[in-house]
Amino acid sequence: MKVLKSIISEELNRLKKDIELKFYAEHRLSGIIEKEEVINWLSNVKGINSEIQIIEQDIEKHKYLLSANLGKRVDEKTKEAQELLQTGRSHRLKFEEKHFKYIIVGGGIAAGHAAREFTRKGLQPGELAIISKEGVAPYERPVLSKSYLFPNGAARLPSFHVCVGDDEKERQLPQWYVNKGIELFLGTEVVKADLASRTLTVANGRIFMYRILIIATGSEAIKLTDFGVQGAHAKNIFHLREISDADELVKGMKRKKKGKAVVIGGGYIGLEVASAMRINDFEVSMVYPEPWFMHGLFTPAIASFYEKYFSDKGIKLFKGTVVVGFETASNEEVKIVKLKNGQVLLADVVVVGIGGRPLTTLFKGQVQEEQGGIKTNGLFRTSVPDVYAVGDVATFPVKRYGDLRRVEHVDHARKSAGHAVGAIKASEDGKSIGEYDYLPSFNSSYFDLSWCFYGDNVGEPMMFWDKSTPSTTKPKFVTY
Ligand SMILES: Cc1cc2nc3c(=O)[nH]c(=O)nc-3n(C[C@H](O)[C@H](O)[C@H](O)COP(=O)(O)OP(=O)(O)OC[C@H]3O[C@@H](n4cnc5c(N)ncnc54)[C@H](O)[C@@H]3O)c2cc1C
């Protein structure tokens, strides 16, 4: 009873007083947070106080003939009081607003590059916050499907923090943000965005307010479970988007050393992961529905060069078919991959690389959307004043082709972030800058090969062959 009374009088009632004061004094805030939840909480705290009084009166009246009955009741109320305390603490957080001039939601490549551009253009300490779901400072994501998976000398943070992959190779370690007065809120997911009141709510209830918002939430990996593929929840089926996914994959690769890997998808991630798995001595099969891999980008001739190269490395290619289900062993680990064409593949590890989906849910119904992304103008301004979108989530005008596009590539993530910050800073000085002039540019690497793609895929390809056969030591060619 002593413990219970001290929880109530020393902690819970103090918290109640604090929350009551803030709740009733700040009407503006009470409009933002879940009003009803707080009202219920206040009334529950009132309720537990009255119940304690009743228990005390009952004790005085010697109502408890058995001490076990009293003990049980006190235990119940102590548990209740502790739960109320916990909820109350998270309610109090809701009143502890954080104010920033600029907030970036998302802590990936675009966020890191935007931060750099802010510091170049002039940033005062405390003006900028980055809120990121990931637990680490912005890093160069492409590493995850490449050197992060190498058997020897694998890349690990802090070696590939933004902007190490960029030409300028300035690595922004967590201390860099501290030195520049930028607040990094890591492991912090924004769960609600109210653009009308310029308010963001994060998972622990804390509220952030901004003058200018940059949306840089990137994409999420599309999963086979999204389509209800049978057995797709099995253990050792991996996806690759964030560093935590890569860590899971690396653990899986260690558990199933030199086993059988099935890579699903013949795009960027599929090709890079397949080559990394082969370098790790896995027996690798690739499955993709298209007639050749990198179908949207490679011409048949380029694809046939790479497909032969992959086959010569021992990777089996299953084209023109899709996965329809998985079978598992008794320990729920994936064992068999079933294909639509009736073939079955044995698997110790499966990696699914079937594309990404832009993370726009937080802003649905509040901003104009296009092609699944957030529509912007050539300065990355959205339809809402003072709200910008950059990187994977932005659908922006491509000046040279006269159309709107959404681009999931690192070069665009970097450049769009820089351009948006340039536009923000210029407008603060009453100036403006030119519209983003984007030349599409993509790149990738497998084994000891790499390629760069510039522009658009139109017309008949012309090939300028140098040493084009995969068996030559340094094959090289250009396609126009
Ligand atoms: C494995 C892999 C390899 C790739 N390789 C290449 C390549 O070789 N070449 C190439 O051009 N492109 C490549 N890409 C694509 C490239 O990495 C992306 O286009 C780029 O990362 C986009 O940058 P971004 O900042 O828009 O998004 P991201 O870098 O994805 O960052 C988004 C961030 O926002 C966070 N976030 C999302 N929602 C919330 C929320 N509600 N609250 C808080 N934080 C949130 C995410 O956790 C993440 O940290 C690769 C992508 C992957 C996954």
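The lining of the second largest pocket in this predicted model divides into 16 nonpolar, six polar and five charged residues. In total, 27 residues line this pocket, and those that lie nearest its centre are I302, C452, F453, V478 and T479. The volume of the second largest pocket comes to about 740 Å³. Among the secondary structure elements, helix α9 (300-312) and the strands β23 (449-454) and β25 (477-479) each supply at least two residues of the lining, and β23 gives the most, with six residues.

A separate part of the model holds an open sheet, in which three strands follow the order β12-β13-β14 with antiparallel pairing. The edge strands of this sheet are β12 (323-328) and β14 (344-346), each of which pairs on one side only, and from one strand to the next the twist averages 25°. The antiparallel pairing between β13 (residues 334-339) and β14 extends over three bridges, and for V337 the bridge partner in β14 is L345.

When residues up to four places away in sequence are not counted, D411 touches Y438, L439 and S441.

Key:
Residues numbered from 1 in each chain as written. Predicted model: local features only at pLDDT ≥ 70, side-chain atom pairs only at ≥ 80, totals over all residues. Heavy atoms only, no water. 1 Å grid on protein atoms, 1.4 Å probe; cavity = no way out; pocket = protein on both sides within 12 Å on 5 of 7 lines; lining within 4 Å. Points joined across faces, edges and corners; volume = space filled by probe spheres on them. Helix = DSSP H or I, 4+ residues; strand = E, 2+ residues; numbered from the N terminus. Nonpolar A, V, L, I, M, F, W, Y, C, P; charged D, E, K, R; others polar. Contact = heavy atoms within 4.5 Å. Pairing = 2+ DSSP bridges. Axes fitted to C-alpha atoms, helices over the stretch in contact; angles between N-to-C directions.
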